[in-house]
Amino acid sequence: MGFRNRKAGNGIKGNKGSKLNRQVRKGKKISWGYLFPSLAGVLLFFVLPFLVVIYYSLVDNPINREFVFLDNFVRVATNKAFQQAAFNTLKFSVVAVPLAVILSLLLAMMLDYKIPFRSQFRTAFLSPMMVPVASIILIWQVLFHYNGIVNDFIGLFGADKIDWLKSSHAQVVIVILFLWKNLGYNMILFMAALGSIPKDILEVAILESATPFQIFWHIKIRYLSSTILFVTIMSLINSFKVFREIYLLTGNYPYDTIYMMQHFMNNAFAQLDYQKLSAAAIMMSIVMVIIIGILFLTENYFGRDVEG
Amino acid sequence: MKKRKRRKVRRMFLKVAMITLIAACFAVLFLMPIVLTVTNSFMASSEISSNYGQVFATTDTGGKTYISEKVNLKFIPDMVSFSQYITVLFKSPEYLFKFWNSVILVVPIVVFQLAVASGAAYGFTRFRGKLKEVIFFVYIILMLMPYQVTLVPNYLVSEWLNILDTKWAIWLPGIFSPFAVFMLTKYMRRIPASVMEAAQIDGAGEWQIFKSICMPLCKGALCSVAILIFIDYWNMVEQPLILLSDPEMHPLSVFLSKINEGEIGLAFAVATIYMVPPILVFLYGEDYLVEGITYQGGIKG
């Protein structure tokens, strides 16, 4: 997409030493000047300290500074709390991310039809994204209370009451809250992608009497592949942020099955154990880079014949 | 023939009606928590505590217990009362104080992140070369990193600069966050190169091109990005928990969860007040928000 303008600013090539050429060279220098404040800030607050984090993860402590190589990683990886946090986070992402992708695609396809009140529906689906989690957490506690409306509702079908927030069902509550918050955002991305599918292709398919399923599977999915990738990445990233919801609902020490990576990090911050923090952060970043890499490769493979 | 067509029309109509109905059900589910919070904030404190005082009863150890009585969830208050709001606004300044904390933490981040990022985006757009592409890629990776990763470097720097437990510890990493740079660069790179080249040939300097061509063309994008930054930071929880050890400085987004049992009614009113700024932004800027999200897509480009 953006490659179209790759040569922005490079297009002018005067003779060597001409006035225009001098101006271009000067402009080049100035353009780095515009970049400088951001670059300095990113280097200072993200890149350099991250290098230090790598260093810290390899030494025994910041004062002694003796290289222990992978000892810190082994110590963190064998830590019971870390294992639990990693497992829970992984489990949550594996369940919540596909659900978020599929449901938001369904919502987008619903709004792609010519139904009345489309823009009102869009507003309704998007509104949870705007509302701060802290504001709706109270009502969430009321809804999922042991004697709350959700239990009353499932009671109608003869189900037993569930102690939602203090049992393994807590994960269900968090997944629902996550979907509630994130579906609207994903839906907008899918709506834009559906809207950009060339109309003539769809018309030809209808003329050739393709079934709606064929149209969906052979045409729409191909055009949506890069959006599906992006929505998956964003949902994955947002699934790591779900600590917010859990913390606000249940505090620092939630039920075991919703003890997440961020809880582990918070506890490590409280102990100021730099080695633990650094090793955990680096493992986490490696996992992130691998996941993003895999998703990009997958998308390149499936989406290469339709350049969207 | 005519009959068949009519049947087809009817089937179409049924289909649309079904989809509308399903969408309406979803819409109700999506809006319910928000509407309930607002309606509950208009109940008198006595009504609140008789409805679900038990929900938030706390034990001595601080854990929340359940009393086996029914929780009444009411959609509409018996009597509309502004008493909770009056208490929040005039009698208990701590909530307003926390609200102010949120404002003072978020507004500078929005303003200065945009300022820094529009410069950087211009730098990334003009005279693109290999080195800039590599740097831009690093920005994308940083943007995608979760807080569990970025908070550790942020904490270390804050400690070195001795700004831990001050507002600067939240402000500075927020201002230099790569997110806005990424978004604005994506947008600016869509401006046809010929526009800027024409200005250059006419003798415009870089500052003039930036100020008189790029910025006016990016107005919409600036609004979109501002909204996205605002809702993200208005909702912040992780950063203050780790970077600000003094609970007095915490924004309302963290403080709201620490209500005492006697103050549930108040908490509903405070929660509603806290929703007001983002909802106003949403109502006025929904189209910008949608456009911003759409631009965020197409990460590869």
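Mentor: Let's start with a definition: helices (H or I, at least four residues) and strands (E, at least two) are DSSP runs, numbered from the N terminus. Read along the sequence, chain B then goes α-α-α-α-α-α-α-α-α-α-α-α-α-α. This is a predicted model, in which local features need pLDDT of at least 70 and side-chain atom pairs count only at pLDDT 80 or more, while totals for chains, interfaces and linings use all residues. Residues are numbered from 1 along each chain as its sequence is written, and chains are lettered from A and ligands numbered from 1 in the order in which they are written.

Trainee: How many helices and strands are there in chain B?

Mentor: Chain B has 14 helices and zero strands.

Trainee: What does buried mean, and how much of chain B is buried?

Mentor: A residue is buried if 20 or more other C-beta atoms lie within 10 Å of its own, exposed if 12 or fewer, and partly exposed in between, with C-beta atoms placed from the backbone. In chain B, 44% of the 301 residues are buried.

Trainee: Is helix α5 of chain A enclosed or in the open?

Mentor: Eleven of the eleven residues of α5(A) (residues 133-143) are buried, so this helix is largely enclosed by the rest of the structure. Among them are Ile136(A), Trp140(A) and Gln141(A). For contrast, look at helix α8 of chain A (residues 199-207): of its nine residues the number buried is zero, so α8(A) lies largely in the open.

Trainee: What comes after α8(A)?

Mentor: Here is the general idea: most residues other than glycine have a negative phi, and most peptide bonds are trans. α8(A) is followed by Ser209(A), whose phi is positive, near 50°. Ser209(A) sits in the loop between α8 and α9 (212-240) of chain A, and it is exposed, with 7 other C-beta atoms within 10 Å.

Trainee: And Phe127(B): where does it lie, and is it buried or exposed?

Mentor: Phe127(B) is in the loop between α4 and α5 (130-144) of chain B, and its phi is near 50°, a positive value in a residue other than glycine. Phe127(B) is buried, with 20 other C-beta atoms within 10 Å.

Trainee: How do I read two packed helices?

Mentor: Two packed helices are described by the angle between their axes and the distance between the axes. Axes are lines fitted to C-alpha atoms, for helices over the stretch in contact, and angles run from 0 to 180 degrees between N-to-C directions. Take helix α4 (residues 93-125) and helix α7 (residues 168-175) of chain B: their axes come within 8 Å and cross at roughly 30°. That makes α4(B) roughly parallel to α7(B) (angles under 35 degrees count as roughly parallel, over 145 as roughly antiparallel, 65 to 115 as roughly perpendicular and the rest as oblique).

Trainee: Which residues make the contact?

Mentor: Two residues are in contact if their C-beta atoms, placed from the backbone, lie within 7 Å. From α4(B) the residues include Leu105(B), Phe112(B) and Val116(B), and from α7(B) they include Trp171(B) and Ile175(B).

Trainee: How many residues of chain B are in contact with chain A?

Mentor: In chain B, 90 residues are in contact with 88 residues of chain A. Helix α1 (residues 2-41) of chain B gives the largest share of that side of chain B, 14 residues.
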